[in-house]
Amino acid sequence: MPAWTPYTRVACDAQAEVCLQSLSVLRRSPTADYVATIVQSTFLTPTIKSVRLRLDRDEFQFLPGQSVWPRFEREGRKFSKIYSIASSPSQCREIELCISRVGWSSAYVQDLAIGQTLPLRGPYGLMTLSELPVRPRLYIAEGSGIAPLKSQIDWLLESGFSHPIWLVQTNPETSDQLPYAAYWQHLSQQCSSFHYRSATSQGLEWTIASLGLNLADMDVEICAVNDRPSQIQTAVMAMGARAEQVRAEKFYAF
Ligand SMILES: Cc1cc2nc3c(=O)[nH]c(=O)nc-3n(C[C@H](O)[C@H](O)[C@H](O)COP(=O)(O)OP(=O)(O)OC[C@H]3O[C@@H](n4cnc5c(N)ncnc54)[C@H](O)[C@@H]3O)c2cc1C
């Protein structure tokens, strides 16, 4: 399947064919244990993979932006790492993860074959949407930080969100290969309210500033690795974003 193929029917412009009422408010199920089966595993860049999982039960419901904790066993010891869900809640009981290969856990999930299983617990996470927001939105993603933002954007577009959505994306590992880039370009051609920019060689912050957006009127959601979310947050606030309208999620290892 080409990376840009929408997994969902996207409600854009005149194509608003989904049931907007049922999509515009969401619920999450209580955190519980599931067993997931790998149904698809595709490289999005040389180091980032999309891994699609099918859960063993129907009751899993999550808010766009939430995560799951796969559980691992290594040398007789059990541990867990957290991964954001990259797909819309409308796709349950399938979920998509978007995973950067950095160490043992991420390599383990990337290397699972179709049909193999992975125990996990979820949903978790606070940088979510539970209803349609009221302002235009700016999404800023670095690397696999695109995952929770994609879940939100897919859900907003399915739900007929009427305000503009901007996505600015970069990937420090391979700056010329960005996860889902063809999908975002396709969406920006299909949806007049969705605007996509990959960061130029002058950098992410420069690219955001060059858009000339009125950030004081927007909600801003940032997701990146380690110190980058707080650096980007400081930069967008210097460009006029209001602190109470900015949220940042940090991917880090623990
Ligand atoms: C709320 C939350 C959501 C997350 N969602 C995702 C996700 O959707 N996709 C994803 O790929 N990762 C995600 N992570 C990170 C993930 O939980 C693991 O920490 C990551 O896969 C590293 O684990 P590892 O065992 O492979 O590597 P480790 O052996 O633990 O090594 C990690 C090292 O890699 C560096 N590093 C480079 N890229 C990353 C990265 N993306 N995350 C963490 N450390 C990184 C760190 O600086 C660290 O030194 C998330 C983390 C949090 C806190």
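In total, 18 residues of domain 1 are in contact with 18 residues of domain 2, contact being counted where the C-beta atoms of two residues, placed from the backbone, lie within 7 Å. On the side of domain 1 that touches domain 2, strand β6 (residues 94-100) gives the most, with four residues. By class, this side of domain 1 comprises 10 nonpolar, eight polar and no charged residues; Ala, Val, Leu, Ile, Met, Phe, Trp, Tyr, Cys and Pro count as nonpolar, Asp, Glu, Lys and Arg as charged, and the others, Gly among them, as polar. Domain 1 spans 30-124 and domain 2 spans 137-251, with bounds that come from an automatic or database domain assignment. Their C-alpha centres lie 23 Å apart.

The model is predicted: local features need pLDDT of at least 70, side-chain atom pairs count only at pLDDT 80 or more, and totals for chains, interfaces and linings use all residues. Residues are numbered from 1 along each chain as its sequence is written. Helices (H or I, at least four residues) and strands (E, at least two) are DSSP runs, numbered from the N terminus.

Around the ligand there are 22 residues, of which S84, G103, S105, S106 and A253 come nearest; a residue is near a molecule if its C-beta atom, placed from the backbone, lies within 6 Å of it. Domain 1 and domain 2 each contribute at least three residues to this shell. At least two shell residues come from each of β5 (83-84), β6, α2 (104-111) and β12. The shell is made up of 11 nonpolar, nine polar and two charged residues.

Helix α2 also contains Y108. Y108 counts as partly exposed because it has 16 C-beta neighbours inside 10 Å; 20 or more other C-beta atoms within 10 Å make a residue buried, 12 or fewer make it exposed, and partly exposed lies in between, with C-beta atoms placed from the backbone. Y108 and F72 are separated by 36 residues in sequence and by 8.8 Å in space, C-alpha to C-alpha.

Strand β11 (residues 219-225) is largely enclosed by the rest of the structure, because six of its seven residues are buried. Strands pair where DSSP finds at least two bridges between them. Strand β8 (residues 137-142) runs parallel to β11 and is joined to it by five bridges, with A141 opposite C223 in β11. Six bridges link β11 in the parallel sense to strand β12 (residues 246-251), where V220 stands opposite V246 in β12. From β11 the chain passes through helix α6 (residues 228-238) to β12 in a right-handed β-α-β crossover, that is, with the strands pointing away from the viewer, the path from the first strand over the helix to the second runs clockwise.
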